[in-house]
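Thanks for coming. I will go through one model today, and I will start once it is on the screen.

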Amino acid sequence: MGVLSCVQHLMLAFNALVFAGGTSLAAVGLWVAVDPSGFQHIVAAEGVLSAGAFLLLAVGTALALLGFLGCCGALRRSRALLLGFFILVSLVFVTQLVGAVLFLLHWKQMQPELLLSELRRSYRGDEGAEVFSTAWNTLMVTFSCCGVLGPEDFGNGSCFQELHPGTPWPRVCCARDGLLQAGELLGWEQCRDRSRGYIHEQGCFSAFGRTLQQFLSLPGICSLVVLGVEIFAMFFAFCLYYNFD
């Protein structure tokens with residue numbers, strides 16, 4: 001009985017943390033969705049900001065419901081609730097594993113030429129309102145990069161050149177004196193002339209790849225911790241399920 005009580009308390013503590021974290025994420029997502037103006041200096045692309053807000057809201061709500069279900073199952077000693085919790089955590093666990101494997105496989109197989117072709121065909125410029133352009137604008141500002149391989153990606157034959165004749169590349173490729181989109185351009189004319197220090201010469205494919213390699217260990221460790229916690233949660237739910245009447 002002592003061991004069972006300890007497992008029950010661990011189950012409650014774990015799900016209380018999950019519920020609190022999910023509620024916090026949902027609250028932030030709701031805040032961003034209701035009042036996005038306070039976050040425009042971080043993510044200038046309205047479409048990306050809106051999508052991120054609803055993603056946070058959805059993930060936070062799901063986590064809060066999962067934590068609530070686990071707490072109720074442990075407190076009420078309900079085998080049905082514990083079984084539902086076990087199944088849901090198992091689904092999340094499998095989804096994360098599949099997603100991680102697919103990401104690693106596709107990232108290694110991804111060729112910059114495919115991204116370049118799509119960029120030249122669909123990117124519409126700094127003021128492009130569709131999701132593709134706003135996502136690329138956010139990416140280029142965040143990683144201080146330009147195009148897929150470099151500024152030449154916006155040359156003749158691209159959709160950008162057709163819409164903005166005489167403009168060699170979008171303003172998001174230019175260096176700024178502040179963080180992200182909130183900073184003012186150091187100089188548009190110097191950027192147009194491709195003066196050193198006024199334009200981001202590096203392409204986003206290599207910039208993102210380098211950043212990913214630098215910080216891959218941290219997300220990897222965090223992912224392993226999350227997977228480990230989920231395994232313990234499934235184990236606790238399994239133990240309680242078979243010991244509760």
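The unreviewed UniProt entry lists residues 12-34, 54-75, 82-107 and 218-242 under "transmembrane region". UniProt positions are in the numbering used here, feature names are shortened, and annotations may be inferred rather than shown by experiment.

Some ground rules. This is a predicted model, in which local features need pLDDT of at least 70 and side-chain atom pairs count only at pLDDT 80 or more, while totals for chains, interfaces and linings use all residues. Residues are numbered from 1 along each chain as its sequence is written, and side-chain values use heavy atoms, with hydrogens and water left out.

Take two of the annotated spans. Residues 12-34 are 100% helix and 0% strand, with 32 Å between the end C-alpha atoms. Residues 54-75 are also 100% helix and 0% strand, and there the end C-alpha atoms are 31 Å apart. Helices here are DSSP runs of H or I with at least four residues, strands are runs of E with at least two, and both are numbered from the N terminus.

Now the cysteines. How many disulfides does the structure hold? There are 3, a disulfide being a pair of cysteine sulfur atoms within 2.5 Å. Counting bonded cysteines along the chain, the pattern is 1-6, 2-3, 4-5. Cys-72 is in no disulfide; its nearest cysteine sulfur belongs to Cys-71, 7.0 Å away.

In the pair Cys-145 and Cys-204, the sulfur atoms are 2.0 Å apart. The S-S torsion of Cys-145 and Cys-204 is about 90°, so this disulfide is right-handed. The link connects distant parts of the chain, 59 residues apart: Cys-145 sits in the loop between α5 and α6 (159-163), and Cys-204 in helix α8. Both Cys-145 and Cys-204 are buried, where buried means under 20% relative accessible area, exposed means over 50%, and partly exposed is in between (1.4 Å probe, protein chains only).

Next, Cys-146 is joined to Cys-173, with an S to S distance of 2.1 Å. That link is right-handed as well, with 80° about the S-S bond. Cys-146 is in the loop between α5 and α6 and Cys-173 in the loop between α6 and α7, 27 residues apart. Cys-146 counts as buried because its relative accessible area is 0%, and Cys-173 is buried because its relative accessibility is 0%.

The remaining pair is Cys-174 and Cys-191, at 2.0 Å from S to S. Cys-174 is in the loop between α6 and α7, and Cys-191 is in helix α7, 17 residues apart. Cys-174 and Cys-191 are both buried.

Last, the packing. The largest nonpolar core has 20 residues, and those with the most contacts inside it are Tyr-123, Trp-136, Met-140, Phe-154 and Trp-169. A nonpolar core is a set of buried Ala, Val, Leu, Ile, Met, Phe, Trp, Tyr and Cys residues joined through side-chain atoms within 4.5 Å. Two or more residues each come from α4 (112-122), α5 (131-142), α7 (188-192) and α8 (204-215); the largest share, 3 residues, is from α5.

Beyond its neighbours within four places in sequence, Trp-136 is in contact (heavy atoms within 4.5 Å) with Leu-119, Tyr-123, Gly-147, Val-148 and Cys-204. A second, separate core has 17 residues, including Leu-12, Phe-14, Leu-66 and Ala-74.
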